[in-house]
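Thanks for sending this one over. Here are a few friendly notes on its charged side-chain pairs.

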Amino acid sequence: MTDTEQVHPTDSVALSVSVAMCTHNGARFIEAQLHSILSQTLPPQQLVLSDDDSSDATVQLVTEMVEEYREHHPLDFVVFRNMPALGVARNFEQAILACTGDLIALSDQDDAWVTERLAVVAARFEREPELSLVHCDARLIDEQGGALDAALFDSLGVSDWERETEQTADALKVLLRRNIVTGATTVFRRELASRAMPIPEGWIHDEWLAVVAAAVGRIGIEPRQLVDYRQHDANQIGAGKLSFRQKLDKLMQPRRDRNRTLLLRSQHLAPRLQHLGAEPRLIALAEYKARHEAFRSRLPANRLLRVVPVLVRAAAGWYRRYGMGPQDVLRDLVQPAG
């Protein structure tokens with residue numbers, strides 16, 4: 001695991017921690033992940049396991065390990081078994097809503113935590129009461145636990161501007177362009193969950209929590225690699241760098257379904273931020289984002305007819321402020337309609 005500055009829990013860290021762990025056929029790696037959670041220098045007070053219709057021994061393995069741990073340590077243990085599966089976002093929503101700790105740490109089934117992870121992050125929340133959510137960098141590892149070439153932030157191409165701006169009152173400007181918050185590296189205050197739920201249709205849990213945190217609180221980034229983020233063939237959401245061929249294949253995928261989802265997401269955002277009492281300037285940003293996605297969803301199927309409107313809008317800065325700039329321009333110019 002990644003070496004970090006040693007941090008030990010002290011009496012000054014009074015915040016309790018719940019872990020929201022979601023699983024689906026995770027028996028292959030679950031023991032390593034759970035061992036890393038139960039070995040934290042700042043132990044969690046609660047573990048909520050929400051399993052999405054596993055057909056393997058995932059729930060049994062977790063239950064056995066937790067019961068052995070509870071022979072010597074107090075731990076509230078809650079288990080949900082979903083049949084049929086709820087899907088990633090609803091599964092995490094269920095787990096999060098069952099958490100009772102002051103802080104909620106999200107856990108995938110196949111990673112591993114540095115032993116000081118919870119102590120480091122809890123101390124950060126203690127020092128900075130304005131923070132609603134903290135996410136960290138991570139070491140990318142392969143199936144056997146070997147380190148890959150790049151760290152998580154590097155693999156995502158997170159820029160200095162994104163890192164700096166996300167930790168200010170302008171964080172929403174970063175997250176309206178793209179999400180850089182990975183759920184497996186995220187801890188947040190339970191008050192954020194009570195404001196953010198339910199998760200709107202089309203959103204993934206980590207993206208939604210980050211957007212709400214940016215709108216009604218503050219986000220912190222912990223630069224240390226506090227999680228080993230495992231990459232393997234069964235990842236539901238991964239972080240590895242794409243090859244040129246993969247990028248080309250992605251670019252040539254039909255655009256209709258993706259753009260419908262982006263439009264649906266953006267249409268949910270401004271009304272929810274208004275309901276949450278966000279600043280008018282942030283609501284306005286969300287409304288502009290919805291207008292941009294509406295424009296993109298209405299582009300004609302004929303690629304030649306897209307050229308002028310896309311380039312005009314790009315020159316006006318819409319693609320830079322509300323998307324990935326040249327990458328989205330190229331996508332809108334060349335992707336087939338579907």
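The points below go through the salt bridges, one group at a time.

1. A word on the basis. This is a predicted model, in which local features need pLDDT of at least 70 and side-chain atom pairs count only at pLDDT 80 or more, while totals for chains, interfaces and linings use all residues. Residues are numbered from 1 along each chain as its sequence is written, and side-chain values use heavy atoms, with hydrogens and water left out.

2. The overall count. Searching the whole structure gives 20 salt bridges (a side-chain nitrogen of Lys or Arg within 4 Å of a carboxyl oxygen of Asp or Glu).

3. A link between helices. E207 and R265 form a salt bridge at 2.8 Å, N to O. Because E207 sits in helix α9 (residues 205-216) and R265 in helix α11 (residues 256-275), the pair ties together parts 58 residues apart in sequence. Helices here are DSSP runs of H or I, at least four residues, numbered from the N terminus. Both partners, E207 and R265, are buried (under 20% relative accessible area, with exposed over 50% and partly exposed in between, using a 1.4 Å probe and protein chains only).

4. A partly exposed pair. R281 and E279 meet at 2.9 Å, N to O, in a salt bridge. R281 is partly exposed at 34% relative accessible area, and E279 is partly exposed at 40%.

5. Within one helix. The salt bridge of E293 and K289 spans 3.0 Å, N to O. These two residues are four apart in helix α12 (residues 280-297), about one helical turn. E293 is buried at 1% relative accessible area, and K289 is buried at 12%. Through shared partners, salt bridges join R255, K289, E293, R296, D328, R331 and D332 into one network.
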